[in-house]
Amino acid sequence: MKKYVSLAVCSMQNTLSYRLSFVLNFLGSFIALLATYFLWRAIYDGQSELAGFDWNQMKSYLLVTFFANSMLSYYSESGITNKVMDGTVAMDLLKPLNFQKARLAESLGSCVLEGLLSAVLISVLAIAAFGIPMPVDGVSGILFAISMLSSILVKFGIVYCTALICFYTTSGFGVIWARMAVTNLLSGALVPFAFFPDWLRNVAMALPFQGIVNTPTTIFLGMSDTREAILLIAVQWFWIAALWLLGRSMWGWAVRQITIHGG
Amino acid sequence: MTRTTLSVRNTPRRILFLYRRLFGQQLKAILEYSSDFYVMIGAAAFTQIVGFLFLWVVFSRIPVIQGWGFWEVAFMYAMIYFSEGVGSLFFEGTWRMLRLVNMGELDRYLVRPMPIVLQIFCTGIGMNGIGNIAIGGAIIGMSLYHVDIDWSITSVLSALVVLASALAVRIGINLAANCSAFWIRTSGNAFPIMVHNMGEFAKYPITIYSLGLQLFLALGVPFAFVSFVPAAVLFGKEDWAAYGWLSPLAAAYVFGIALLLLRIGLRRYESSGN
């Protein structure tokens with residue numbers, strides 16, 4: 001356990017020492033948030049509500065989504081694929097560490113900074129421009145916090161399994177892009193599920209992606225009662241476990257595919 | 001040998017010839033790794049389709065956003081991806097500038113009797129561009145079909161001028177942003193990617209933004225000329241169509257800045273010792 005904790009601390013320090021890239025990357029996703037904010041503002045111009053969301057709820061939705069998405073960002077994700085792409089995974093194979101647990105530790109380490117930075121930015125925005133209603137009572141606040149943490153683990157499961165695909169394709173960017181596109185649509189990051197046609201909503205609810213954005217936002221906006229919220233979190237944990245096992249069996253298959261360049 | 005026999009005139013014809021040759025060489029290189037770019041092409045096309053679905057979902061709730069219909073916004077959206085595709089397929093080298101500078105590979109380019117910009121442009125090929133061009137082109141085609149446009153010789157000509165300028169603006173922005181390689185000595189090109197992300201704004205009509213942002217998108221990093229102005233010209237939006245005349249100027253402005261940055265940057269360039 002101790003060695004994984006120190007890995008997490010290491011990855012935090014690593015992020016700090018490349019802070020310029022980290023902050024610029026972060027600003028990049030912030031631009032996307034601004035663009036969608038203005039788009040939705042124009043859409044709500046003259047509409048009191050759309051698909052059960054009023055403008056205030058939509059603003060909260062955008063901010064919670066931004067928070068969830070800034071966790072385990074492109075920055076830490078490409079860290080995992082790069083190991084596979086440039087062959088440094090060979091070094092990891094020599095270490096007496098479980099590859100999957102070590103990557104989880106590193107991802108969580110940089111998540112702390114990603115979380116802090118976006119929390120600061122979101123609070124500034126919330127106070128300055130957006131004016132967001134916070135979860136009303138303590139219980140839903142706690143449930144939201146739990147669902148947010150679980151969201152990171154679901155995302156890790158998906159990111160890790162995708163990264164292992166790179167053993168086979170030897171193309172990092174393409175796989176990450178494709179994963180981002182799928183996740184954006186099916187997690188509810190682009191648009192709340194309530195806007196989807198029924199069939200697409202059913203498909204999305206049956207897949208793990210909804211645990212990343214849809215679950216925390218639904219709980220934050222108080223669109224589920226306590227019982228439903230607990231059920232949603234249980235579904236998140238089902239996927240966390242399933243993706244972890246999938247990742248483990250994929251790793252067993254992937255190391256046999258390994259191609260290391262040079263010596 | 002006298003000096004006159006060595007000097008070469010860079011006529012447009014020679015530049016085109018050189019471009020074809022350099023591009024052909026890169027193509028041979030990249031075709032060696034084909035499984036790689038099928039994934040890239042697929043991913044690029046897929047990303048774009050997902051974004052298109054988003055627009056469709058939104059517009060199924062309300063038909064018009066500030067006077068712009070679904071296919072008009074879809075056109076702007078597609079222009080951003082189409083221009084990105086043209087940039088990656090034919091001018092991907094701009095994105096390799098960081099490596100050229102950090103590894104000292106620019107040395108090679110500086111001693112050849114060809115324009116350095118041409119050599120930078122031909123430093124690579126982004127096969128993902130094919131996916132963007134195909135899907136972007138298809139959405140552009142569909143939106144031109146769905147929106148009523150009076151086609152005449154003048155409208156076709158002005159459309160061509162505006163579209164060509166749009167592509168030039170986009171490539172100029174890429175080049176200018178990547179010149180940051182001379183100043184920011186990090187391992188990743190986070191700064192140009194951030195500038196690239198500003199294109200997000202131009203996926204939607206810029207009238208939805210606050211005045212400051214609108215000015216920034218028109219005068220600062222003029223992404224408005226990549227998508228919004230062409231849309232206004234093509235779809236005959238009277239309030240904005242007049243800006244179409246400024247499109248070639250915007251292209252000249254962006255390229256001017258990019259070349260200036262490249263010049264100043266090259267003066268700072270200090271190769272790498274090995």
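How many residues does the contact take from chain A and from chain B? The contact takes 33 residues from chain A and 32 from chain B, where two residues are in contact if their C-beta atoms, placed from the backbone, lie within 7 Å.

Before I go on, a word on the source. This is a predicted model, in which local features need pLDDT of at least 70, side-chain atom pairs count only at pLDDT 80 or more, and totals for chains, interfaces and linings use all residues. Residues are numbered from 1 along each chain as its sequence is written, while chains are lettered from A and ligands numbered from 1 in the order in which they are written.

Back to the contact of the two chains. On the side of chain A that touches chain B, the elements giving two or more residues are helix H2 (19–44) and helix H8 (172–186) of chain A. Helices here are DSSP runs of H or I with at least four residues, and strands are runs of E with at least two, numbered from the N terminus. H2(A) provides the largest share of that side, 14 residues. By class, the side of chain A that touches chain B has 23 nonpolar, nine polar and one charged residues. Nonpolar means Ala, Val, Leu, Ile, Met, Phe, Trp, Tyr, Cys and Pro; charged means Asp, Glu, Lys and Arg; the others, Gly among them, are polar.

Next, the record. An unreviewed UniProt entry lists several stretches of chain A as "transmembrane region", including residues 20–40 and 176–196; such annotations may be inferred rather than shown by experiment. In the model, residues 20–40 of chain A are 100% helix and 0% strand, with end C-alpha atoms 30 Å apart. Residues 176–196 of chain A are 52% helix and 0% strand, and their end C-alpha atoms lie 24 Å apart.

Now helix packing. In chain A, helix H7 (residues 138–169) and helix H11 (residues 226–254) pack at an angle of about 20°, with axes 9 Å apart. The two are therefore roughly parallel, a term for angles under 35 degrees. The contact of H7(A) with H11(A) divides into 22 nonpolar, seven polar and no charged residues.

In chain B, helix H4 (residues 70–91) and helix H9 (residues 153–178) pack at an angle of about 60°, with axes 9 Å apart.

Terms used. Axes are lines fitted to C-alpha atoms, for helices over the stretch in contact, and angles run from 0 to 180 degrees between N-to-C directions. Angles under 35 degrees count as roughly parallel, over 145 as roughly antiparallel, 65 to 115 as roughly perpendicular and the rest as oblique.
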